[in-house]
Amino acid sequence: METFDPAELPELLKLYYRRLFPYAQYYRWLNYGGVIKNYFQHREFSFTLKDDIYIRYQSFNNQSDLEKEMQKMNPYKIDIGAVYSHRPNQHNTVKLGAFQAQEKELVFDIDMTDYDDVRRCCSSADICSKCWTLMTMAIRIIDRALKEDFGFKHRLWVYSGRRGVHCWVCDESVRKLSSAVRSGIVEYLSLVKGGQDVKKKVHLSEKIHPFVSKSINIIKKYFEEYALVDQDILQNKESWDKILALVPETIHEKLQQNFQKCHNSLQRWEYLKQGINCQDNTKNDKCGPWLEWEIMLQYCFPRLDINVSKGINHLLKSPFSVHPKTGRISVPIDLQKVDQFDPFTVPTISSICRELDAISINDEGREGNEAESDIKHRTRDYKKTSLAPYIKVFEQFLENLDKSRKGELLKKSDLQKDF
């Protein structure tokens, strides 16, 4: 695994912002084709500088202004906020109450620390390959719902750089949604409810909503390997008592006896399914297959930070920001390869800067032999590093946004002619 020394961060960031940050694509995204006047200029950026100096309400005229300021300020973290009624850097000059957040992408923040009550391998900010499956399931479940249940087309999934993932839904109609509608969407996508003191956090009725059944079908593909093998959720009495707390007390004693006869979580899970689905229990409606699903959902279903999604003026860490603790770049995730995504192979700022140094030395050796006309064929620096495939994912996302915009413009022009 790539080692990262935080003491080197200031110098590495200078090189990153000077030669590796994908400014053109980044501006192309947040300018949304320049269709709406001042859209980019009214966007809030927030920079966290060295020693946790935090600067809000930054805004820029264009790509060039953004580049210059990032190279000058050398931010340790970049957050993106809303598009406001006025330029954020002039918010102090606006009449009180007139400065309002008007638009923003619908965003989701899923953090591994919210699963600490159900993962056994790690806790707090730590992650490993055994618990990363939780993020894989979260992306699959939420993305399917955003696409199929809501019809949202432009969804950008991004690794946070440490222990979680973010999603940016960028459709034009979505960016205009009110806080109330955003709250409704995130409420629809939330099944695990209750704080640390609440033992049973998922309650299903006999009538299962299609969103729930489709989510369970996704979880089923991962459950055995993730929960019963990697997490070993029924390994010993301490762990299986947590699961027994989620089923009716009438079957506790029988399950306890059977669990002691078994050798592993796989066998105990089979006994549990038999115990909660048997004919004797279903007569009183306290047991049934939904009890099994409630456990699966409590242990595997995505846990969203509701406040991040519902507030239009809420900030979220920017794609291609560097995580100051791990040095990892916050990179887009290819939805076609979600199962293959490995947070531990994501490039760190140290690794790509080293790659760039090696390329620069090679280029110096070749410089004397290079004809003047070849200079224009040189690729951007990031294309020569391990950051390239992630920028390609981002570019594909931007291509789809452009196509959609052109389609909408054609539709509008056709409607105007239709008289």
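Is Cys300 buried or exposed in this predicted model? At a relative accessibility of 0%, Cys300 counts as buried, where buried means under 20% relative accessible area, exposed means over 50%, and partly exposed lies in between (1.4 Å probe, protein chains only).

The model is predicted, and for that reason local features need pLDDT of at least 70 and side-chain atom pairs count only at pLDDT 80 or more, while totals for chains, interfaces and linings use all residues. Residues are numbered from 1 along each chain as its sequence is written, and side-chain values use heavy atoms, with hydrogens and water left out.

**Figure 1. Overview of the protein.** The protein has 15 helices and eight strands, these being DSSP runs numbered from the N terminus (helices H or I, at least four residues; strands E, at least two). Its C-alpha trace spans about 80 × 65 × 45 Å along the principal axes. Of the 419 residues in the protein, 50% are buried. Among the contacts with a separation of 6 or more, 70% come from residues 24 or more positions apart, contact meaning heavy atoms within 4.5 Å.

Figure 2. Cys170 is in no disulfide, and the nearest cysteine sulfur, that of Cys167, is 8.0 Å away. Cys170 counts as buried because its relative accessibility is 0%. For Cys300, the closest cysteine sulfur is that of Cys121, and the 12 Å between the two sulfurs is too far for a bond.

**Figure 3. Packing of helices α2 and α3.** Two packed helices are described by the angle between their axes and the distance between the axes. Helix α2 (residues 23-31) packs with helix α3 (residues 63-73) at an angle of about 125°, the axes being 10 Å apart; axes are lines fitted to C-alpha atoms, for helices over the stretch in contact, and angles run from 0 to 180 degrees between N-to-C directions. This angle makes α2 oblique to α3, on a scale where angles under 35 degrees count as roughly parallel, over 145 as roughly antiparallel, 65 to 115 as roughly perpendicular and the rest as oblique. The crossing of α2 and α3 is right-handed, a term used if the near helix is turned clockwise from the far one by less than a right angle, with anticlockwise giving left-handed. Tyr23, Ala24, Tyr26 and Tyr27 of α2 make the contact with Gln63, Leu66, Glu67, Met70 and Gln71 of α3. By class, these residues divide into six nonpolar, two polar and one charged, where Ala, Val, Leu, Ile, Met, Phe, Trp, Tyr, Cys and Pro count as nonpolar, Asp, Glu, Lys and Arg as charged, and the others, Gly among them, as polar.

Figure 4. The axes of helix α8 (residues 237-244) and α9 come within 11 Å and cross at roughly 150°, which makes α8 roughly antiparallel to α9. In this right-handed crossing, the contact is made by Lys237, Trp240, Asp241 and Leu244 of α8 and by His252, Leu255, Gln256, Phe259 and Gln260 of α9. The contact of α8 with α9 has four nonpolar, three polar and two charged residues. For helix α9 (residues 252-261) and helix α10 (residues 265-277), the axes come within 9 Å and cross at roughly 155°, and the two helices are therefore roughly antiparallel to each other. The crossing of α9 past α10 is right-handed, and its contact involves Leu255, Asn258 and Phe259 of α9 together with Arg268, Tyr271, Leu272 and Gly275 of α10. The residues of the contact of α9 with α10 divide into four nonpolar, two polar and one charged.

Figure 5. Asp51, although not a glycine, has a positive phi of about 60°, and lies in the loop between β1 (43-49) and β2 (53-58). With a relative accessible area of 67%, Asp51 is exposed. Phe320, also not a glycine, has a positive phi of about 70° and is placed in the loop between β8 (316-317) and α14 (349-366). At 0% relative accessibility, Phe320 counts as buried.

Figure 6. Lys207 lies in the loop between α6 (179-188) and α7 (210-230), and counts as exposed at 77% relative accessibility. Val181 is in helix α6 and counts as partly exposed at 39% relative accessibility.

Key: A disulfide is a pair of cysteine sulfur atoms within 2.5 Å.
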